[in-house]
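Here is a short briefing on one protein chain. Look over the sequence and the coordinates before reading on.

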Amino acid sequence: AEKALTLLDKLQGRDAEVVGRTNEKNGADRVVNGVEIQTKYYKTGKGCIDACFDKVTGEFRYRNSKGEPMMIEVPKDKYAEAINAFRNKILEGKVPGVSNPDDASKYIKQGQLTYQQALNLCKPGTIESLTYDALTGAINCSFAFGITFLSTYILSYSRNGNKKEAFNTA
């Protein structure tokens, strides 16, 4: 989900990257336009939120580089349930520095994928996995395509001196 969400953000013109591969404890999974995001794709919205709290202390685990609660991204179809679960955690005093349950939506981000779409990304032959493979393939090959086009154009033009024919050949 992290890689697919990052790709979707990039396609929409955002500055996005996956940073969670370092497995830094309680660190961000992604950074989008400078905002640190922890991505939680669980079967339920409550599960997404419960995974953000320390098993021993019960306190919220994720803080951004400013020490504030980090943005939590949840599946599109689990957003409302996740907001309610986070509101309850705020009311229980489990989110240090946050006391207003109405602020839950400031910290929970609705993802661009549903839970099922994220699952389908991992399964071969699904629409989601094929689309993701096609997009990443197109992006990865675009550089090679540009070089091939340019070199073919130059070779064709140097042989016949005709720009239109060289362009069509390339």
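How many helices and strands make up the secondary structure of the protein chain? There are seven helices and five strands. The model is predicted.

**Overall make-up**
- Along the sequence, the elements of the protein chain run α-β-β-β-α-β-α-α-β-α-α-α.
- The protein chain has 170 residues, and 35% of them count as buried.
- The accessible surface of the protein chain is about 10,200 Å². Carbon and sulfur atoms account for 54% of that surface.
- Take the contacts between residues at least 6 apart in sequence: 56% of them join residues at least 24 apart.

**The sheet**
- Five strands form an open sheet in the order S1-S2-S3-S4-S5, and the pairing is mixed.
- Strand S1 (16–18) and strand S5 (108–110) are the edge strands, each pairing on one side only.
- From one strand to the next, the twist averages 30°.
- S4 and S5 pair in the parallel sense, with three bridges.
- Val74 has Gln110 in S5 as its bridge partner.

**Helices on the sheet**
- Helix H1 (residues 2–11) packs on the sheet. Helix H1 touches S1, strand S2 (30–32), strand S3 (35–39) and S4. The direction of helix H1 makes about 165° with that of S1.
- Helix H3 (residues 79–91) also packs on the sheet, where it touches S4 and S5. The direction of helix H3 makes about 175° with that of S5.

**Cysteines**
- The structure has zero disulfides.
- Cys48 is in no disulfide, and its nearest cysteine sulfur is that of Cys52, 7.8 Å away.
- The cut-off for a disulfide is a pair of cysteine sulfur atoms within 2.5 Å.
- A disulfide is a covalent bond between the sulfur atoms of two cysteines.
- Cys48 counts as buried, because its relative accessibility is 0%.
- Cys52 counts as buried too, at 1% relative accessibility.

**A loop residue**
- Where does Asn64 lie? Asn64 sits in the loop between helix H2 (45–50) and strand S4 (71–74).
- Is Asn64 buried or exposed? Asn64 has 17% relative accessibility, so it counts as buried. The cut-off for buried is under 20%.
- With neighbours within four places in sequence left aside, Asn64 is in contact with Glu36, Pro69 and Met70.

Technical notes
Residues numbered from 1 in each chain as written. Predicted model: local features only at pLDDT ≥ 70, side-chain atom pairs only at ≥ 80, totals over all residues. Heavy atoms only, no water. Helix = DSSP H or I, 4+ residues; strand = E, 2+ residues; numbered from the N terminus. Buried < 20%, exposed > 50% of the residue type's maximum accessible area, 1.4 Å probe, protein only. Contact = heavy atoms within 4.5 Å. Areas by Shrake-Rupley, 256 points an atom, 1.4 Å probe, with all protein chains shown as cover. Pairing = 2+ DSSP bridges. Axes fitted to C-alpha atoms, helices over the stretch in contact; angles between N-to-C directions.
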